[in-house]
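Please study the structure shown below with its sequence at hand.

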Amino acid sequence: MKQKTFAVDIDGTITENGAGRINLDALSALRHLTNIGHNVIFVTGRSSVEAYLLSVFGGTTKIAVGENGGCITLNTNEHVLLGDLQQCQSAFQIIKNEIDNVVEKPVFPRMTEVVLERTFDLDLAKNLLHEKNLDVLLSDSQYAFHINSPGIDKGTGFQEIMRRMSISSDDVIAIGDSATDIPLFKVAKTSIALGNSSEFVKSHATITTSAKSGDGVIEALDKLAPKLSEV
Ligand SMILES: O=C(O)COP(=O)(O)O
Ligand SMILES: [Mg+2]
């Protein structure tokens, strides 16, 4: 069996969005895939350190993409910064000064991006930054809004891992729930949108599940099981 690489979102995929509680059956299924020789790599808007720690405690592949693609954690002391924090902070100041209710979300420290509460009109902020010729990226993970550097998203962040690990997109299976996962779907031959995804997100995936979040992960892996024997 050829080794597959699962690129797995966290919030809303293996957790219930907002609460952050892990679906243990889903994590157990991902650990099993790792144990039989596949890669299982978290790709999230959370910090890359949180994702790396989840891989350690969860028993999956010990490398992680965090900050919505802006940062890769390779081990406890090695982080690859793909985004530019200053650039994102400048954009944050601009929208904060001109739009009401633009506030930072209390999250673990970020090295490359700004994370905001979902308390303002994101399209209004996108238009404002476009008028000022600031091409940072604004996105909504359903858990938070993110300001990332131009060209930085989960797809480009994961492609850096694919390059480092010589992983072909033919062997990538992406699993996610929100708009921030669409760039990740695009670098994977197989992509899974969970039942809690919007119709727009589902339209970008090759597989959709009826079950939501972690239960949807299990549903999808059950569907793929015949193709996923030991490596
Ligand atoms: O947006 C976040 O910070 C987390 O969300 P994600 O794990 O679904 O990317
Ligand atoms: Mg998510």
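Asp140 stands opposite Phe145 of strand β8. The model is predicted, so that local features need pLDDT of at least 70 and side-chain atom pairs count only at pLDDT 80 or more, while totals for chains, interfaces and linings use all residues. Residues are numbered from 1 along each chain as its sequence is written, chains are lettered from A and ligands numbered from 1 in the order in which they are written, and side-chain values use heavy atoms, without hydrogens and water.

Strand β8 (residues 145-148) runs antiparallel to β7, and 4 bridges join the two. Strands are DSSP runs of E with at least two residues, helices are runs of H or I with at least four, and both are numbered from the N terminus; two strands pair if DSSP finds at least two bridges between them. Helix α4 (residues 122-131) packs on the sheet and touches β7 and β8, its direction making about 175 degrees with that of β7. Contact here means heavy atoms within 4.5 Å, and angles run from 0 to 180 degrees between N-to-C directions of axes, which are lines fitted to C-alpha atoms, for helices over the stretch in contact.

The open sheet has 3 strands in the order β6-β8-β7, with antiparallel pairing. Its edge strands, β6 (114-116) and β7 (137-140), each pair on one side only.

Elsewhere, the largest nonpolar core has 26 residues. Such a core is a set of buried Ala, Val, Leu, Ile, Met, Phe, Trp, Tyr and Cys residues joined through side-chain atoms within 4.5 Å, where buried means under 20% relative accessible area (1.4 Å probe, protein chains only). Helix α1 gives the most to this core, with 5 residues.

How values were computed: Buried < 20%, exposed > 50% of the residue type's maximum accessible area, 1.4 Å probe, protein only.
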